[in-house]
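Hello,

I am passing on a structure for you to look at, with some notes on what turned up in it. Could you open it first and keep it beside you while you read?

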Amino acid sequence: MPGLSQRTEVFTDSVIRRMTRVSNRYGAVNLSQGFPDFDPPKELTDALMAVAPRGPHQYALTWGAQNFREALAKKQEHFSGMRVNPDEEIVVTCGSTEAMMAAMMSVCDPGDKVVVFSPFYENYGADAILSGAKPIYVPLVPPDFGFDADVLEAAIRQPGVKALILCNPSNPCGKVFTREELATIAELAIRYDIFAITDEVYEHIVYKPYEHIYMATLPGMRERTIICSSLSKTYSITGWRLGYVMAVPEVIDRVKKVHDFLTVGAAAPLMEAAVTALQSGDAYYEWLQQKYTHMKDLFVGGLKERGIVCTEPQGAYYVLVDISEFGYADDEEFCIDLAREVGVGAVPGSSFFKEDVNHLIRFHFAKQDETLKEALQRLEGIGKLKR
């Protein structure tokens with residue numbers, strides 16, 4: 001057999017998806033992979049039913065259907081105040097996963113470096129490596145997951161740094177970056193002439209009093225911010241795989257070329273139906289925030305009532321749990337035992353940290369009340385895992 005690429009040897013398969021398989025194997029409540037167990041808005045599913053008989057069923061324009069891009073641009077302007085040209089500044093992708101990959105491949109050459117905050121969503125390191133770039137990690141420090149500006153600058157000023165990846169709100173730690181923190185990042189990005197690639201899929205899942213601020217709206221950042229996002233989390237349609245990249249035309253021209261050869265285009269009938277969601281009024285997003293606040297209070301509050309040490313998310317729908325008291329040296333082993341013996345699925349925290357972290361696991365709480373209550377009831381038996 002001919003030799004295989006060495007590039008993929010430096011990372012494993014997705015730990016998150018692996019833990020879903022573990023949950024399924026043991027019949028555990030799956031709080032590992034972050035997808036809801038409730039339906040999308042009825043208006044959206046009704047729109048999909050209406051699209052099914054009439055179409056479109058063939059290729060849309062490679063970088064996204066016209067009406068979908070126009071609806072995206074209007075929504076972005078409404079929430080950020082930033083005007084986006086739907087013809088020159090948007091590429092619709094197959095989920096934010098492709099959006100991040102296309103953005104990375106558009107600005108990074110082999111040998112470049114990319115700064116990544118740790119903890120991080122596991123794809124970021126792989127994205128950098130597949131782009132031929134080297135990830136440089138900067139720690140976010142618990143309990144508020146702030147960063148040291150001097151450490152960040154030392155990472156950014158290294159020769160060959162091309163971009164910084166910013167997940168805001170953050171998966172897995174639920175951090176929402178403050179305006180002051182974003183201003184620090186922006187000042188360094190401008191000073192050292194790098195891009196900010198932002199993953200903003202949780203932009204509408206933020207808990208009071210925290211506020212999501214778009215990096216691209218800060219002074220001097222419009223031309224050097226590449227926004228990556230999707231409809232998956234906001235409208236509970238993770239399986240529709242509708243993502244997008246927003247950036248200035250010079251960047252988008254590159255993204256279009258990469259995207260064309262990665263996936264050709266997103267699904268035409270799903271884009272057509274999803275225009276309905278993008279035209280939702282403010283009441284929907286207020287309801288969404290209330291819904292997720294309720295789920296957070298129910299689940300995180302339930303963990304604390306049971307004496308389980310955990311973080312308090314500021315945004316997104318994840319919570320980190322400290323398992324130090326259980327005596328495990330391997331957090332993945334703990335998660336497997338948790339699924340098998342207790343019946344709840346989680347993700348080992350070590351998959352999110354560059355640092356040597358084996359005492360944290362991640363739950364997600366984008367679930368119906370009944371699911372969360374069942375998980376909490378099962379977690380009452382977590383004490384049996386103590387060594």
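This is a predicted model: local features need pLDDT of at least 70, side-chain atom pairs count only at pLDDT 80 or more; totals for chains, interfaces and linings use all residues.

Residues are numbered from 1 along each chain as its sequence is written, and side-chain values use heavy atoms, with hydrogens and water left out.

Across the whole structure, a search finds 18 aromatic pairs, a pair being two rings of Phe, Tyr or Trp (its six-membered ring) with centres within 6.5 Å, called stacked if the planes are under 30 degrees apart, edge-to-face if over 60 and tilted otherwise. One of them joins Tyr121 and Tyr124 edge-to-face, at 5.7 Å centre to centre and with 80 degrees between the planes. Tyr292 and Tyr317, by contrast, are stacked, with 5.5 Å between the centres and 15 degrees between the planes. This pair links distant parts of the chain, since Tyr292 sits in helix α10 (residues 282-305) and Tyr317 in the loop between α10 and β9 (318-322), 25 residues apart; helices (H or I, at least four residues) and strands (E, at least two) are DSSP runs, numbered from the N terminus. Tyr292 counts as buried because its relative accessibility is 1%, and Tyr317 is buried with a relative accessible area of 0%. These two tyrosines belong to one aromatic cluster together with Phe38, Tyr202 and Tyr318.

Now for the strands. In strand β3 (residues 113-118), six of the six residues are buried. In a regular strand the side chains alternate between the two faces of the sheet. Both faces of β3 are covered, with Lys113, Val115 and Phe117 buried on one side and Val114, Val116 and Ser118 buried on the other.

On to its neighbours, where two strands are said to pair if DSSP finds at least two bridges between them. Six bridges join β3 in parallel to strand β4 (residues 134-139), and Val115 stands opposite Ile136 there. Between these two strands the chain passes through helix α5 (residues 123-130), and this β-α-β crossover is right-handed, which means that, with the strands pointing away from the viewer, the path from the first strand over the helix to the second runs clockwise.

β3 also runs parallel to β5, joined by four bridges; Val114 has Ala163 as its bridge partner in β5, and Val115 stands opposite Leu164. Strand β5 (residues 161-167) is mostly covered, with six of its seven residues buried. β5 in turn pairs with strand β6 (residues 195-199) in the parallel sense over five bridges, and Leu164 stands opposite Ala196 in β6. Here the chain crosses from β5 to β6 through helix α7 (residues 179-191), again in a right-handed β-α-β crossover.

Best wishes

Key
Buried means under 20% relative accessible area, exposed over 50%, partly exposed in between (1.4 Å probe, protein chains only).
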